[in-house]
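The stops below go from the whole chain to single residues.

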Amino acid sequence: MEPGQQQEARRYFFGKSGIPGVVMCADGTHIKIIAPQNDRDQHYNRKGFYSLNALIVCDHKLTVRFVNAKFSGANHDSHIWNVCGIDNFFAEKNQNGEAGYFVLADAAYSSKPWLITPKRNPAPGSPDADYNTKHSQGREIVERTIGMIKNRFRCILGARQLHYTPEKATQITNVCCILHNMCISYDSVDGEYLES
């Protein structure tokens, strides 16, 4: 992300959440697949179907900056974040003094200096509850990004399932994210992004 884009992202996320230094948001989403021949139990998720758990990291313009869809549905979002390499990227940014390079994520993730998660069990009306509300407002863009991708490429929509091996389903998910980014770029040729 270029310095100008970082500043724009920080302004956007600060305006939404009141949290300084945020440049991206992360979330996991399940991509439904048919029962694979191998490792069925690893692909059977807590929601009761076979899937891949895809980690999506997006910026303030709905652009996917990172996707990893190779993990089976039984994997937890936090585990995927920790082992897929993206955590190392942000840790290195932090260690190199780029302290204002934060990511918003939901409570499924472990809080880190560069990964900002909501407060656990805040009392209603407390400052922590207010913080969680603002945090959620900043993070909603990743949910909207995932929704746009799945609605644009309905083969990965939850009401359907991919009839391919997990490896092929991973490739399809990655390509859907690439095509989504191309659509976002095309839609923003005049400098206008699809914001609701």
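Helices (H or I, at least four residues) and strands (E, at least two) are DSSP runs, numbered from the N terminus. Colour the protein chain by these elements: there are 6 helices and 5 strands. Read from the N terminus, their order is α-β-α-β-β-α-α-β-β-α-α. The radius of gyration of the chain, taken over C-alpha atoms, is 17 Å, close to the 16 Å of the globule rule for 196 residues, so the chain is as compact as a globular protein of that length. That rule is 2.2 Å times the number of residues to the power 0.38.

Before selecting residues, note that this is a predicted model, in which local features need pLDDT of at least 70 and side-chain atom pairs count only at pLDDT 80 or more, while totals for chains, interfaces and linings use all residues. Residues are numbered from 1 along each chain as its sequence is written, and side-chain values use heavy atoms, with hydrogens and water left out.

**Whole chain**

Buried means under 20% relative accessible area, exposed over 50%, and partly exposed in between. Of the 196 residues, 47% count as buried. Contact means heavy atoms within 4.5 Å. Among contacts between residues at least 6 apart in sequence, 59% join residues at least 24 apart.

Select His43, which lies in helix α2 (residues 40-43). Is His43 buried or exposed? His43 is buried, with a relative accessible area of 8%. Leaving aside neighbours within four places in sequence, the contacts of His43 include Ile33, Phe49, Tyr50, Leu52, Ala74 and Pro166.

Next, pick Asp39, in the loop between β1 (22-32) and α2. Asp39 is not a glycine, yet has a positive phi of about 55°. Most residues other than glycine have a negative phi.

**Two further loops**

Go to Gly100, in the loop between α4 (86-95) and β4 (102-104). Gly100 is partly exposed, at 24% relative accessibility. Which residues does Gly100 touch, not counting those up to four places away in sequence? They are Arg10, Gly21 and Val23. Draw a distance from its C-alpha atom to that of Gln7, 93 residues away along the chain: the separation is 9.9 Å.

Then select Asn121, in the loop between β5 (115-116) and α5 (127-152). Asn121 is exposed, at 76% relative accessibility, and has a positive phi of about 45° although it is not a glycine.

**Cysteines**

Finally, select the cysteine sulfurs. A disulfide is a pair of cysteine sulfur atoms within 2.5 Å. How many disulfides does a search of the whole structure find? The search finds 0. Cys155 is in no disulfide, and the nearest cysteine sulfur, in Cys176, is 4.3 Å away. Cys155 counts as partly exposed, at 33% relative accessibility. Move to Cys177: its sulfur is 7.0 Å from the closest cysteine sulfur, in Cys176, too far for a bond. Cys177 is buried, with a relative accessible area of 3%.

Methods:
Buried means under 20% relative accessible area, exposed over 50%, partly exposed in between (1.4 Å probe, protein chains only).
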